[in-house]
Amino acid sequence: MNTKERKSIAEFYDHFIPYRDRADVKFFVDLAVENGGPVLEIGCGTGRVLIPTARAGIEIVGLDLAEDMLAVCRRHLDQEDEPTRARTRLVVADMRDFDLGRQFTLITTPFRPFEHLITVQDQMACLACVHRHLAPGGRFVLDMPNPSITQLADDRCLQETGDEPEFTMPDGRRVRRRQRVVSKDLIRQVNEFELIYHVTDADGREERLVYRFPRRYLFRYEAEHLLARAGFRVEALYSGYTGRPYGTVDDRELVFVTTKV
Ligand SMILES: C[S@@+](CC[C@H](N)C(=O)[O-])C[C@H]1O[C@@H](n2cnc3c(N)ncnc32)[C@H](O)[C@@H]1O
């Protein structure tokens, strides 16, 4: 992926309707208000959750590896009032290896950054960093997709699919987003995945931009073992963002609320 492609894809993020309307923001903001901050958001991206948290009066540090995503976040922050901006700090860092020299009362991972860690070694490295940065009694929220065995066995995902509506960028470009699984490694639990953006500019020129990356899925008990091994106690496990316990409703998400042991 070249620089222009990466930048465009980061810019599309907040306009893609299922991301824009994702029903998790209130959950993370409420948790931050309840905990009181300071909060560390791992993989904060464009600030979709970080900015509403800062608006709610909570000090928050956002950490992300992707400078293009943070550049979009900075532009959004420029539109905010001074007290909100003053409560935020952005850090370019890898979640597997960071040292911010301070601790937080709450550390979160909204919208699945953890699935970007492909090996157990990477996952443990990230959890060790989180553990070091968590104040005594602090909480860590691990937000992951719940793998569906039915979907894993279904090869229709190897075709380009997606029926999300087209969206229009402020500069007039129209964008349709599709996706496909390129390959499935059932042994390593890694799917090679593509997000495909079909872009039509104001002059009718068409472009196809592809963001390819591996995703590692974890099953519920595997994640629980990993968390225990890294020194976290699971306080609650939710299926989503309305406080319903795992197993009682649609189980597309695994949201672990944990405390530092
Ligand atoms: C789906 S986005 C979620 C962004 C944001 N938390 C939200 O809820 O909209 C996942 C984010 O994880 C970041 N990420 C992936 N691997 C990372 C790593 N090793 N270290 C830090 N951030 C990483 C990506 O750059 C991306 O911004």
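Trainee: How many positive and negative side chains does the chain have, and how far apart do the centres of the two sets lie?
Mentor: It's a predicted model, so keep that in mind. The chain carries 38 positive and 42 negative side chains, and the centres of the two sets are 1 Å apart.

Trainee: OK, switching topic. How many helices and strands are there?
Mentor: You get 9 helices and 11 strands. The radius of gyration is 18 Å, close to the 18 Å from the globule rule for 261 residues, so the chain is as compact as a globular protein of that length.

Trainee: And what does the C-alpha trace span along its principal axes?
Mentor: About 55 × 50 × 35 Å.

Trainee: What share of the residues is buried?
Mentor: Buried residues are 51% of the 261.

Trainee: Which residues touch the most other members in the largest nonpolar core?
Mentor: Leu40, Phe114 and Phe140, out of 31 residues in that core. Several elements give two or more residues to this core, including β1 (39-42), β5 (134-145) and β11 (253-260). The largest share comes from α7, with 5 residues.

Trainee: What does Phe114 touch, leaving out residues up to four places away in sequence?
Mentor: Among its contacts are Met95, Cys126, Leu142 and Leu226, plus Gln123.

Trainee: Which residues does the second core include?
Mentor: That separate core has 22 residues, among them Phe27, Cys44, Val49 and Leu77.

Conventions: Residues are numbered from 1 along each chain as its sequence is written. This is a predicted model: local features need pLDDT of at least 70, side-chain atom pairs count only at pLDDT 80 or more; totals for chains, interfaces and linings use all residues. Side-chain values use heavy atoms; hydrogens and water are left out. Helices (H or I, at least four residues) and strands (E, at least two) are DSSP runs, numbered from the N terminus. The radius of gyration is taken over C-alpha atoms; the globule rule is 2.2 Å times the number of residues to the power 0.38. Buried means under 20% relative accessible area, exposed over 50%, partly exposed in between (1.4 Å probe, protein chains only). Lys and Arg count as positive and Asp and Glu as negative; His and the chain ends are not counted. The place of a charge is taken as NZ of Lys, CZ of Arg, CG of Asp or CD of Glu. A nonpolar core is a set of buried Ala, Val, Leu, Ile, Met, Phe, Trp, Tyr and Cys residues joined through side-chain atoms within 4.5 Å. Contact means heavy atoms within 4.5 Å.
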